[in-house]
Amino acid sequence: MRKLFKQFVNLWHGNGKGQRAMSIHKAFKYRLYPTKKQAKKLQETLDWLRELYNAAIQERRDAYDLCVKRHPNYYDEATRKQLTRDQAISYYQQADQLPEIKELRQEYQEIHSQVLQDILRRVKKTFDAFFGRVREGNTPGFPRYKGKDHFDSFCYPQSGFSVTADKRLCLSKIGTLKVKMHRKLFGPPKTCTIKREGEHWFVVLVCEVQQKMVYHPSEETVGIDLGLLHFATLSDGRTIETPHYLRAAETRLAHAQQRVARKKRGSARRKKAGKFVGKVHRKVANQRKDFLHKESRKLVKKYQTLVFEDLAPSRMSRRPKPKQDEETGEYLPNGASAKAGLNKSIRDAGWAQFVQHCQNKAEEAGSRVLLVSPKYTSQMCSGCGAIQAKALDERWHSCSCGTELDRDHNSAIVILRIGLSGEPIRKKRNKSSQVRTEPSGDALLRSPWL
Ligand SMILES: [Zn+2]
């Protein structure tokens, strides 16, 4: 049946040359090796742009304070909303001021104008996201001023940069920089982002790449449970373990961080220890990235359909509810310390990144990634579909229907079944992730209890 379909598709779209193609955006990140002088210039540019960013936030904030907050009818909701809309400062209003700013402050003439505009666009995006969350009924934090350590990139959105034939990067107003092109750049880059990570500089070039429609060679499906004990458990019972070197590096990082905490605030020793943490942190991050890329590549190569739980970030980092003793009213341990901490946050980020990698690679490999709601996946029996609550430390799944297996293995099977039944699949979360949400339509795989 499947083969016939493939043939049909081939006939319809033609073989070889006439194959359907679509364009996707691909990012290429390379390390930059600026000279001392160039590095200074890059850092200065960052500092000036940060000043512009903070000033743009300040202007929007002041407009709100002066025109909305001090209005006599502030407490009338309709008036307040109307005023907020009318008095809000737009991107264009801010961009119009750039020439004037350049007159007053000569240093801004040393920055490519589109880079300046891009910063203002970033401010706009921040505010749009803020108001979006307000509309959704949340109480988000107000857009913040950025401190020196929290502003580390700028972008040439269209022009002002080029890659030369001898593989150097030409940046307008900055110069020609040495780049280590460790992999081939596909196509002319559309945007160019310069990024600082600690003491290292990088360039991210985004290209539009033509992608042919591909068909996956196998029809294998898999459900994947991401967990703490094993990095991942597959529905066929296999597990993927966090490599030993990564665990060791994470422990080293935790120790380095404790060392900072012991030093006096503001001291030179603390500063030094802090720098060291940054270094270890980047090392761990790189090792983790490597691990996630390799494992996701393997999965996508082997399986045509991969089903994951949809791990909403807000859900993962939420603190556990406080537990109280019913009689005495005393607070009981609720596992907050186990959920908090660095290791936890690292794992959370790792899982989300892993799913994202699989989604990105699936596109090229002709496989697909489905996300299912994480509700009940750990409690449902993979044999009969009964729901039975389990404590967090219960490692074995045993059901009255005779199903006996490892807890995570059980979850992985449930995840696969829910995914293939095509039922409680969540809509894709953002535009960039290529999650296909259509049901598989494979009746044979549909479990009777779903
Ligand atoms: Zn059962």
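In which hand does helix 7 cross helix 8? Helix 7 passes helix 8 in a left-handed crossing; a crossing is left-handed if the near helix is turned anticlockwise from the far one by less than a right angle, and right-handed if clockwise.

Some ground rules. This is a predicted model, where local features need pLDDT of at least 70 and side-chain atom pairs count only at pLDDT 80 or more, while totals for chains, interfaces and linings use all residues. Numbering starts from 1 along each chain as its sequence is written.

**Overall make-up**

The protein has twelve helices and 16 strands; these are DSSP runs numbered from the N terminus, with helices being H or I of at least four residues and strands E of at least two. Of its 450 residues, 20% count as buried. Here buried takes 20 or more other C-beta atoms within 10 Å of a residue's own, exposed takes 12 or fewer, and partly exposed is in between, with C-beta atoms placed from the backbone. Among contacts with a separation of 6 or more, 64% join residues 24 or more positions apart, a contact being two C-beta atoms, placed from the backbone, within 7 Å.

**Two helix pairs**

Axes are lines fitted to C-alpha atoms, for helices over the stretch in contact, and angles run from 0 to 180 degrees between N-to-C directions.

| Pair | Angle | Axis separation |
|---|---|---|
| Helix 2 and helix 6 | about 40° | 10 Å |
| Helix 7 and helix 8 | about 160° | 9 Å |

Angles under 35 degrees count as roughly parallel, over 145 as roughly antiparallel, 65 to 115 as roughly perpendicular, and the rest as oblique. Helix 7 and helix 8 are therefore roughly antiparallel. Their contact includes Leu246, Leu253 and Val260 from helix 7, and Val277, Val284 and Phe291 from helix 8. Its residues split into twelve nonpolar, four polar and six charged. For that sorting, Ala, Val, Leu, Ile, Met, Phe, Trp, Tyr, Cys and Pro are nonpolar, Asp, Glu, Lys and Arg are charged, and the others, Gly among them, are polar.

Helix 2 and helix 6 are oblique to each other, and their crossing is right-handed. On the helix 2 side, the contact is made by Leu49, Leu52, Tyr53, Ala56, Ile57 and Arg60, which meet Leu116, Ile119, Leu120, Arg122, Val123 and Phe127 of helix 6. That makes ten nonpolar, no polar and two charged residues.

**More on helix 2**

Helix 2 covers residues 36-69, and its 34 residues should span 50 Å at 1.5 Å a residue; the end C-alpha atoms are 48 Å apart, which agrees. The expected span is 1.5 Å times one less than the number of residues. Its buried residues are Leu42, Thr45, Leu49, Leu52, Tyr53, Ala56 and Arg60. An α-helix has 3.6 residues a turn, so residues three or four places apart point the same way. The buried residues of helix 2 pack against helix 4, helix 6, strand 2, strand 6 and strand 7.

**Single residues**

Leu98 sits in helix 5 (residues 98-104) and is partly exposed, with 16 other C-beta atoms within 10 Å. Leaving out residues up to four places away in sequence, Leu98 touches Ser113 and Leu116.

Then there are the positive phi values. Most residues other than glycine have a negative phi. Lys167 has a positive phi of about 60°, in the loop between strand 3 and strand 4, and counts as exposed with 12 C-beta neighbours inside 10 Å. Tyr376 has a positive phi near 70°; it lies in the loop between strand 14 and strand 15 and is partly exposed, with 14 C-beta neighbours inside 10 Å.
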